[in-house]
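Hi,

Here is the structure I promised to pass along. Have a look first, and my notes follow below.

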Amino acid sequence: MTTHVSSVDVDVLSASIRLRPKRRVRPGDPVVSRGERLRRGVLFDNEIDIIDCYIDLIAALAIAGGRGFQRTFRRHIVAGQTNAKHLLSFSDGAISACVYENVENLVVDGIVVNLSTQTIWHEGSVNAPIQPWRSSTVTKGKFLKADRIAVLKVEEPENIGGVMLRGWTWFGDVFRGLPRGIPLYVSSIDTVGSVSEDPMAFTRERPVAEEMRRFDIKLKLWWSPGKTDAFIHNEHPFLETHTQIYGYGRMQKFRQRKAEAVYEDVVMAPGFTHEPFCLVTGADEYKYPWHRYYADTDAFWLAIELHPQTPGQ
Ligand SMILES: [Fe+2]
């Protein structure tokens, strides 16, 4: 592995070792010398990128050369606000839901969703990867490093289905095409941040990201009682996948818009995230098959949506 670190990078890296916490430069910040700015922990985006890249390099070297080096070095170099926690708008006493950013050696319980474009590592008797936009269920699970993860956990199963009494919306009230008989409810939507992703990497049409696009990440929870047909549809102006949180169901694909035309069932069990269903057909254009969620039992499932940002955002 060849790595070039310039004298400017060394300047930033040596400063970063002393910084706690660091933050990005904001409009209106006073103009001060570079040294003073680094002393205060106020960094430009490219400087934060340098630090993050270097941490990745160190992690790679540690995997190759032994874990003791990784532990020792990372304790000193990580200077940012690590494990920043954001409670999601739909978190409540029944299901807790939060997002962590700049994850470092974080211990969590529940269903963990990787909301980043990098593989993250769950420490165990044998460390295990979680691929981008996939998930797992962990007990006192320690995550070594991640840009952003969501963690959801069922806290109180009793009366868990009373979402309509906890402020959720019957989907027919926001989408007029939903037949009146379908008991499909949706939580509030939380925009948890943005990410640069190659949509064709998201859909697995490319093994390695090439053409990056900026997306907002939006999360929301769905709920239906068992035996609910959560509506066949095939249009989304965004990339989506889903993680099962509670109960069991299926994400189904259809050749035509009718239940008898089903051609694939992806069984959804708690902690599982399905592969994206769409392909990229143009700039911010995605082709979906007819698809639906079908709740086999009372079920909560998390929607993970990547919405293309409009210019100027
Ligand atoms: Fe969909």
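What share of the contacts in the protein with a separation of 6 or more comes from residues 24 or more positions apart? The figure is 67%, where a contact means two C-beta atoms, placed from the backbone, within 7 Å.

Two things before you read on. This is a predicted model, so to speak of local features I need pLDDT of at least 70, side-chain atom pairs count only at pLDDT 80 or more, and totals for chains, interfaces and linings use all residues. Residues are numbered from 1 along each chain as its sequence is written.

Overall, the protein has 5 helices and 19 strands (DSSP runs numbered from the N terminus: H or I of at least four residues for helices, E of at least two for strands). Of its 313 residues, 29% are buried (20 or more other C-beta atoms within 10 Å of a residue's own, with C-beta atoms placed from the backbone; exposed is 12 or fewer, partly exposed is in between).

β3 pairs with β4 (residues 95-114) over 4 bridges, in the antiparallel sense, and H86 has V99 in β4 as its bridge partner.

P129 is exposed because it has 12 other C-beta atoms within 10 Å. Leaving aside residues up to four places away in sequence, P129 touches T119 and W121.

Cheers

Key: Pairing = 2+ DSSP bridges.
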